[in-house]
Amino acid sequence: MRDDAPSRRAVVAAAAVGAAVLPLTASPAARAAAPAGGGRRADSLFAHGVASGDPLPDGVLLWTRVTPTPEAVPGSGLGPAVPVRWEVAEDADFRSVVAEGAVTATAATDHTVKVDVRGLRPARDHHYRFTVEGVRSPVGRTRTAPAADANPDRLRLGVVSCSNYEAGHFSAYRHLAARGDLDAVLHLGDYLYEYGTGEYPARPARTHLPAHEILTLADYRQRHAHYRSDPDLRAVTAAHPLIAIWDDHEVANDWWTDGAENHTPGEEGDWHERLEAGKRAYFEWMPVRPSTEGTVFRRLRFGSLADLHLLDLRSFRDRQVTPGNGAVDSADRTITGRAQLDWLLGGISASPARRHLIATSVMISPVAFGSVPAHLLGPIGQCLGVPAGGLAINTDQWDGYTADRQRLLSHLRAEGVRDAVFLTGDIHMHWANEVPVNAATYPLSPSVGTEFVVTSVTSDNLDDILGVPPQTVSLVAEAAIRTANRHVKWVDLDSHGYGVLEVRADGTQMDYYAVTDRADPAAGTRHLRSYRAAAGTGRLERTANPVG
């Protein structure tokens with residue numbers, strides 16, 4: 001999303017090459033790992049914790065980062081190669097090791113380790129750990145997906161987005177880590193922010209490293225590492241497998257194929273070198289399998305219950321246009337790229353799954369602002385990324401690329417899909433939307449599904465921008481948005497938090513949560529609302545009780 005635009009800074013640009021994931025086949029079980037020792041502590045050798053991601057029926061991606069010597073700090077390029085052993089077990093005590101192997105951590109990948117383990121049993125909890133020089137890492141818990149032909153009762157995902165380190169503490173992650181009922185946590189983008197200290201937000205609750213805006217490969221690596229210094233982030237990735245897509249801030253604000261709002265060629269180096277640096281660091285530091293052309297669009301299946309289509313809405317998009325510009329309707333402009341959209345439509349047509357979950361980093365539901373009070377338009381525009389000159393639409397969202405949106409929604413209708421579930425982040429607000437094929441004729445227009453937008457973990461929203469207590473002015477704006485957009489069933493402009501999505505054969509439900517205070521590292525959590533869509537309806541109804 002577009003945040004307050006920072007001033008430009010000069011810097012040396014970095015060249016980068018893509019990072020690789022090493023696939024390893026699971027061995028039959030198992031030796032015990034070497035006893036801990038060697039004079040090194042696990043909290044220094046494995047200072048960045050452990051993580052897993054992208055669960056498959058027979059495998060999962062495991063991640064850690066090793067600091068082999070004190071000078072081998074992230075982004076330094078220093079430190080020797082070091083052998084790393086890994087183990088996976090079906091019990092927390094590692095009496096039943098079902099996979100093990102070894103890999104080497106080197107400075108070429110910033111001493112990060114990614115192991116694509118296969119040969120595991122489906123729909124089971126697994127525990128994993130790494131060992132270096134006799135020192136064991138923290139133990140992580142992960143879970144494999146159901147078998148492709150399985151018929152699971154449910155899928156339950158934690159859902160988050162927009163986690164700005166300087167804006168507050170990651171209490172939302174801590175509360176998700178404490179839940180024992182999640183199959184995975186889905187991060188919808190803006191996992192980190194690229195700005196320099198004090199640029200966004202202007203009054204940081206805490207400060208990140210490096211202090212300057214990140215542009216080089218070393219910068220991006222250091223920023224990823226500093227985010228993983230947060231104990232709540234380490235806790236959630238150790239407790240649950242992570243499924244992630246990127247939005248813009250993983251590289252630069254409002255980026256498109258050939259540039260970004262927050263990049264000045266000539267002063268900040270070559271755009272494509274910066275882009276490759278950001279992507280390379282992302283794949284090194286995230287438990288994510290790189291997909292076609294080194295992007296994040298890919299598909300995960302959860303038995304016959306659901307397909308999760310994960311989109312990359314940055315790598316192939318055309319540059320955003322100004323609001324009110326007729327170019328938003330041009331069939332020559334794209335947010336997905338033609339190949340990715342064809343992949344998505346083909347996957348929907350070929351899928352045997354009951355439900356299509358579509359992870360889209362920016363909102364697909366159309367939004368108009370004609371009845372929002374004038375004094376609130378500017379602050380809302382800062383959240384939504386709309387320039388002050390016009391607030392008809394947010395052209396960084398699907399509203400700026402209507403031909404792609406219409407092709408997708410029309411395809412869903414043609415395929416008889418009425419309960420697609422769009423999962424969205426980006427705009428620092430909770431929303432519950434129905435997704436009509438034609439919003440202008442809603443509710444007469446058929447709905448092809450629902451959209452659940454989750455608010456930010458920490459990033460500024462309306463009350464933060466205005467500097468007022470929550471709900472001081474937002475209730476008026478929320479009512480005006482719903483009046484102008486009848487397919488919007490609920491919007492909360494003030495909270496920070498997360499969602500929990502449950503998918504069953506008879507419908508889907510999103511529970512919306514808020515943390516009590518993003519500035520408090522010990523913040524509590526409270527349930528705000530829940531919305532449910534019965535299978536085959538594409539319509540939302542409010543329900544009183546959260547799923548867990």
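## Helix α6 and its two faces

The face of α6 that is turned away from the buried side of this helix carries the exposed residues Ala339 and Ala350, where exposed stands for over 50% relative accessible area, buried for under 20% and partly exposed for what lies in between, computed with a 1.4 Å probe on protein chains only. This is a predicted model, in which local features need pLDDT of at least 70 and side-chain atom pairs count only at pLDDT 80 or more, whereas totals for chains, interfaces and linings use all residues. Residues are numbered from 1 along each chain as its sequence is written, and side-chain values use heavy atoms, with hydrogens and water left out.

Helix α6 spans residues 338–350, which makes 13 residues, and reaches 18 Å from its first C-alpha to its last, close to the 18 Å expected at 1.5 Å a residue; the expected span is 1.5 Å times one less than the number of residues. The buried residues of α6 are Gln340, Leu341, Leu344, Leu345, Gly347 and Ile348. Because they cover an arc of only 160° around the axis, they lie on the same side of α6, the arc being that of the directions from the helix axis to the C-beta atoms. These buried residues pack against β15 (298–302), β16 (306–310), β17 (355–360) and α8 (402–414), with contact taken as heavy atoms within 4.5 Å.

## The seven-stranded sheet

An open sheet of seven strands runs in the order β15-β16-β17-β18-β20-β19-β21, and its pairing is mixed. Helices (H or I, at least four residues) and strands (E, at least two) are DSSP runs numbered from the N terminus, and two strands pair if DSSP finds at least two bridges between them. At the edges stand β15 and β21 (488–492), each with a single partner strand, so one side of each is left without a neighbour in the sheet. From one strand to the next the twist averages 20°.

Helix α10 (residues 474–484) packs on the sheet, where this helix touches β19 and β21, and its direction makes about 160° with that of β21; axes are lines fitted to C-alpha atoms, for helices over the stretch in contact, and angles run from 0 to 180 degrees between N-to-C directions. Within α10, the residues Ser474, Ala477, Glu478, Ala480 and Ile481 are buried. They share one side of α10, because the arc that they cover around the axis is only 165°.

## Strand β19 and its partners

Strand β19 (residues 430–436) pairs with strand β20 (residues 447–453) in the antiparallel sense over five bridges, and β19 also pairs with β21, again antiparallel, over four bridges. Trp431 stands opposite Val453 in β20 and has Val491 as its bridge partner in β21, while Glu434 stands opposite Thr450 in β20.

Seven of the seven residues of β19 are buried. His430, Ala432, Glu434 and Pro436 point one way from the strand, and Trp431, Asn433 and Val435 point the other way.

## Strand β7 and its neighbours

Strand β7 (residues 125–132) is mostly covered, with seven of its eight residues buried. Five bridges join β7 to strand β4 (residues 82–89) in an antiparallel arrangement, and β7 also pairs antiparallel with strand β9 (residues 140–143) over four bridges. Tyr128 stands opposite Val88, and its bridge partner in β9 is Gly140.

A further antiparallel pairing, over two bridges, links β7 to strand β8 (residues 135–136), with Thr131 opposite Arg136. β7 and β8 form a hairpin with two residues between them, and Glu133 in the turn has a positive phi of about 50°.
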